Amino acid sequence: ALYGGCRCLELDCFDGHRDGNNKPMPVVYHGLTFTSQIVFRDIIETIKLFLDSNPDCFPLILSLENHCSPPYQDVMASIMISNFEDSLYIPDESNLHDPLPSPEKLKGKVLLKGRRITDTNDDFQHGSVYDTDSDDDSEIEEEHTIVERDRDDKPLSPKATAVRQVSNSAFSPDLSRITIFHGVRVTSFQEGMKSSKDCMLSIDESRARKLCRIESMNKNGWLSYNNSHLSRVYPSGKRIDSSNFSPITAWSRGSQLVALNIQTPDYARRLNDGRFRQNGNCGYVLKPDSLRLQDHQASNPVLLSIKVLCATCLPKSKGDKKGECINPYVNVSVYDIPRNGGKENAMSHHTQHVTKNGFNPIWFHEHPFKFKIENTDVAMVQFSVWDRDVAYAISDNFIGSASIPISCIREGYRSVQLYDANNKRNGAFECATLLVEVKWKKKSQEIKMW
């Protein structure tokens, strides 16, 4: 994950066993599942190896979903301090209300997100030190409460005002001292913007979609909150198959961290790979002006025309070296969302399949695909190549893909490099490309390199 560009890892920490010296050994695994347990120390030592070989990488964020008792939390703190040494960013309590350092200044550092001991247990006024991703959606809504208000400024649901207090005695002072990002819940975004800049809000995907739909009615909502504070969106606990949700919605509201199941190479993971590929897979991308500047002039919708002409050197499914010749076709999808909030939409077209030709299939005689792009700052186009199962018509096999931000596309004839399911372009994929023709009927204000 780290070598692939991921810069935020979630660690579900639990009390483990004790070693021969009766010292606590915290472990990491996905609670209430059959996943195997990994010793916390082994994970930290592995991350340290990555930092040693990449000392100038942009900061790593470890999101601790902490289910450990205080003695095990003390050991966690000791392990991270002794392994990371100077690479561990330890916040100064005196300037927590100041703006956070830039990623450039934090290169090579490890930042912790989790629970911090606060001066009060009044969750309603100051947020809660308890912030966890639950496997139960109903529990998620209680843990990460946002009061959604209508035009009369009344709560939409009585449940949204429920507050649960957590005693500070359940937390380790040692672990609290080295934690910079303090997980909170807020009664409203306006109230949340009054909190210190180190407070981070976690929202599950279903609530994120709901917030985006009502955003147009609330000018001081989620988007404004993300201009001064951090928010993180994570998958629903109902995704027992480790599938992913589309990150487009969260990106459109300026959310800085969108958590995905990186082990699942589905379309959403490929969108994420394409988004961060534009900055060399360093794990960070600067948000567009429309998501950072209050008075930025929004660009007009554009009409995009894409014509798939041909492909070269397409490998077999899963990189197989033997087997029948493939029957490739190309699916072109655009993922977009209204600029002022709303429901995400996906538009797709596909070519006809070419029989038994993966070396140089041609589609130049087919009509171009046309798309209307409303939000050019966030929308993405995804090219995916599939092998048509002609004989049995059971399911088509994935070959490769490329996801590209609309803001990075230029007009003209373009060569699109294809990547395998794991975002790699080596071996059989070294020469795999598509040739497409791109036309804009109405250009956006800024069209950057592709």
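The stops below pass from helices to loops and then to nonpolar cores.

This is a predicted model, in which local features need pLDDT of at least 70 and side-chain atom pairs count only at pLDDT 80 or more, while totals for chains, interfaces and linings use all residues. Residues are numbered from 1 along each chain as its sequence is written, and side-chain values use heavy atoms, with hydrogens and water left out.

**Stop 1: helix α1**

Select residues 40–53, which form helix α1. Helices (H or I, at least four residues) and strands (E, at least two) are DSSP runs, numbered from the N terminus. The expected span of a helix is 1.5 Å times one less than its number of residues.

Which residues of α1 are buried? They are Phe40, Ile43, Ile44, Ile47, Lys48, Phe50 and Leu51. Here, buried means under 20% relative accessible area, exposed over 50%, and partly exposed in between (1.4 Å probe, protein chains only). The buried residues of α1 fall within an arc of 160° when seen down the axis, so they line one face of the helix. The arc is that of the directions from the helix axis to the C-beta atoms. Thr46 and Leu49, on the other side of α1, are exposed.

Next, display what covers the buried residues of α1: the cover includes β1 (8–18), β2 (24–28), β3 (38–39), β4 (60–66), α2 (70–84) and β5 (110–114).

**Stop 2: two buried loop residues**

Select Ser87, in the loop between α2 and β5. Ser87 counts as buried, because its relative accessibility is 15%. Contact means heavy atoms within 4.5 Å. Leaving aside neighbours within four places in sequence, Ser87 is in contact with Lys48, Leu51, Gly108, Lys109 and Val110.

Now move to Ile178, in the loop between α5 (173–177) and β6 (181–184). With 0% relative accessibility, Ile178 counts as buried. Ile178 and Ile90 are 88 residues apart in sequence, yet 4.8 Å apart in space, C-alpha to C-alpha. Not counting residues up to four places away in sequence, Ile178 touches several residues, including Ala77, Met80, Tyr89 and Leu112.

**Stop 3: helix α7**

Select residues 205–214, helix α7, where Glu205, Arg207, Ala208, Leu211 and Cys212 are buried. These residues cover an arc of only 160° around the axis, which puts them on the same side of α7.

**Stop 4: two residues with positive phi**

Asn281 lies in the loop between α10 (267–277) and α11 (289–292). Its phi is near 60°, a positive value in a residue other than glycine. Cys313, in the loop between β10 (302–312) and β11 (328–336), has a positive phi of about 55° although it is not a glycine.

**Stop 5: the nonpolar cores**

A nonpolar core is a set of buried Ala, Val, Leu, Ile, Met, Phe, Trp, Tyr and Cys residues joined through side-chain atoms within 4.5 Å. In the largest one, of 33 residues, Val332, Ile373, Val381, Phe383, Ile406, Leu434 and Val436 touch the most other members. Which element gives the most to this core? It is β10, with five residues. Finally, select another core that lies apart from it, of 28 residues, among them Cys13, Phe50, Leu88 and Leu175.
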